[in-house]
Amino acid sequence: MKTMFSGMQPTGAPHVGNWLGALKNWVGLAKDYDSIFCIVDLHAMTVEYEPALLRERIRNLAAVFLASGLPAPEHCPLFVQSHVQEHTQLAWIFNTVTPMGELGRMTQFKDKAAQHAKNINTGLFTYPLLQAADILLYKGEVVPVGEDQVQHIELARIVARKFNNRFGEFFAEPKEIVTKGSRILGLDGKAKMSKSLGNHIEITEDPDSIRTKLKGAVTDPKRMRRSDPGDPSVCNMFTLHKHFSTPEQQEWAASGCRAAGIGCFDCKKVLADNMIEQLAPIREKALDWIARPKDLDDVLDQGAKACRARAQKTMDGVRALTGL
Ligand code: AQP
């Protein structure tokens, strides 16, 4: 079986974009691969954060992972990146084989540097090398990601190649799997839905809050009045309908919008009902895990133990090749 590595940052509460673009697909793919799931806390340190909140965010993210239907953690380890020290060791070695120019062209760096102009730290710049280490430490061959991460996986291939050319054939080049839902926009209808932009609906959001957030969400900007016909192809609510509603409901929303037969309020109500219904089982299970922090920590410890053994084996090979 090929190894699949998947990671998510504990930068805030995971949201509907993370679910549709990542978690939901991971659940579908996990059984076909030797799957490893990681909470990448070291990556989360590259932007401003509150240390007192980080552990809670890590546990909450672990709870959502476990509630989303991933295979049992005995089969597919779930762990915290900083609990396996080899990630940073390998990242350092990758620093020494990667030209700065490769990192300078990363669009995520440019976006994040603009977003965090007061904190453009070196970690933000070398982030993709730590990500390459996350994957290659486990000889990961497959990485399911949203569209925004494709360039980083391409860089991981370059890093593997550079290492192999310099020290001898060792790492396989990983490939991304980009699936449906790979770029969900936020409630502002402009930027991608993000934990840090405040334009998101949390996977564990309570139903009333989902309704309130959707009520305020941006739709087709040209549809000012209910009597104006709208264009579903430019409306983020319609994109969400495609993920949460039946084909009949999608047709009802699209044709009703085009003919001004329904208002945005009607369209959002159906969407809210479906979203609440589909997120409810995950929410319920996640809240149950969150109420048992000791059990969550046990799962994460067990995951780190399994991954540490694999990571050490890779690092033994890297040390032998690099002369360390
Ligand atoms: N809006 C999105 N639509 C589809 N997929 C998304 N992903 C994130 N946002 C969307 C996918 O979720 C996985 C984990 O993402 P991450 O937490 O590692 O980092 P991110 O992409 O930076 O996510 P956020 O929510 O935007 O976090 P912040 O606000 O901290 O930057 C990835 O596979 C990603 O593609």
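Two residues are in contact when heavy atoms of theirs lie within 4.5 Å of each other. In this predicted model, lysine 268 touches Leu214, Lys215, Gly216, Ala217, Thr219 and Met237 in that sense, leaving aside residues up to four places away in sequence. Lysine 268 itself is part of helix α12, which covers residues 264-290.

What is the nearest side chain of opposite charge to lysine 268, and how far away is it? It is aspartate 266, at 11 Å. A salt bridge requires a side-chain nitrogen of Lys or Arg within 4 Å of a carboxyl oxygen of Asp or Glu, and lysine 268, although buried, has none. Its side chain does reach backbone atoms. The backbone oxygen of alanine 217 is 2.7 Å from the side chain of lysine 268, and the backbone oxygen of leucine 214 is reached at 3.1 Å. Leu214 and Ala217 are also among the residues that lysine 268 touches.

Other charged residues do pair. Side chains of opposite charge can do this when their charged atoms come close. The count for the model is 17 salt bridges. One of these salt bridges joins aspartate 148 and lysine 192, with the closest N and O atoms 2.8 Å apart. Aspartate 148 sits in the loop between β4 (142-145) and α8 (150-167), and lysine 192 in the loop between β5 (175-178) and α9 (207-215), so this pair ties together parts that are 44 residues apart in sequence. Aspartate 148 is partly exposed, at 30% relative accessibility, and lysine 192 is partly exposed with a relative accessible area of 30%.

Arginine 292 takes part in two of the pairings described here. With aspartate 288 the side chain of arginine 292 forms a salt bridge at 3.0 Å, N to O. With aspartate 295 arginine 292 forms another, in which the closest N and O atoms are 2.8 Å apart. Arginine 292 is partly exposed, with a relative accessible area of 31%. Aspartate 288 is also partly exposed, at 42% relative accessibility, and aspartate 295 falls in that class at 30%. Elsewhere, salt bridges link Glu102, Arg105 and Glu154 in a network.

The next step is to look at the chain by domains. The domain assignment gives domain 1 as 3-184 + 292-322 and domain 2 as 207-286. Their centres, taken over C-alpha atoms, are separated by 33 Å. In the contact between them, 11 residues come from domain 1 and nine residues from domain 2.

The size of an interface is often given as the accessible area lost when the parts come together. For domain 1 and domain 2 the buried area is about 900 Å², and carbon and sulfur atoms give 78% of it. Which three residues supply more than any other three of the area that domain 1 buries against domain 2? They are Val16, Trp19 and Ala67, which supply 48%.

On the side of domain 1 that touches domain 2, α1 (16-30) and α3 (51-67) each supply at least two residues. The largest share of that side, four residues, comes from α1.

Key
Residues numbered from 1 in each chain as written. Predicted model: local features only at pLDDT ≥ 70, side-chain atom pairs only at ≥ 80, totals over all residues. Heavy atoms only, no water. Buried < 20%, exposed > 50% of the residue type's maximum accessible area, 1.4 Å probe, protein only. Lys, Arg positive; Asp, Glu negative; His and termini not counted. Polar contact = N/O pair within 3.5 Å; in protein donor to acceptor, adjacent residues only side chain to side chain. Domains from an automatic or database assignment. Buried area = accessible area lost by both parts, 1.4 Å probe.
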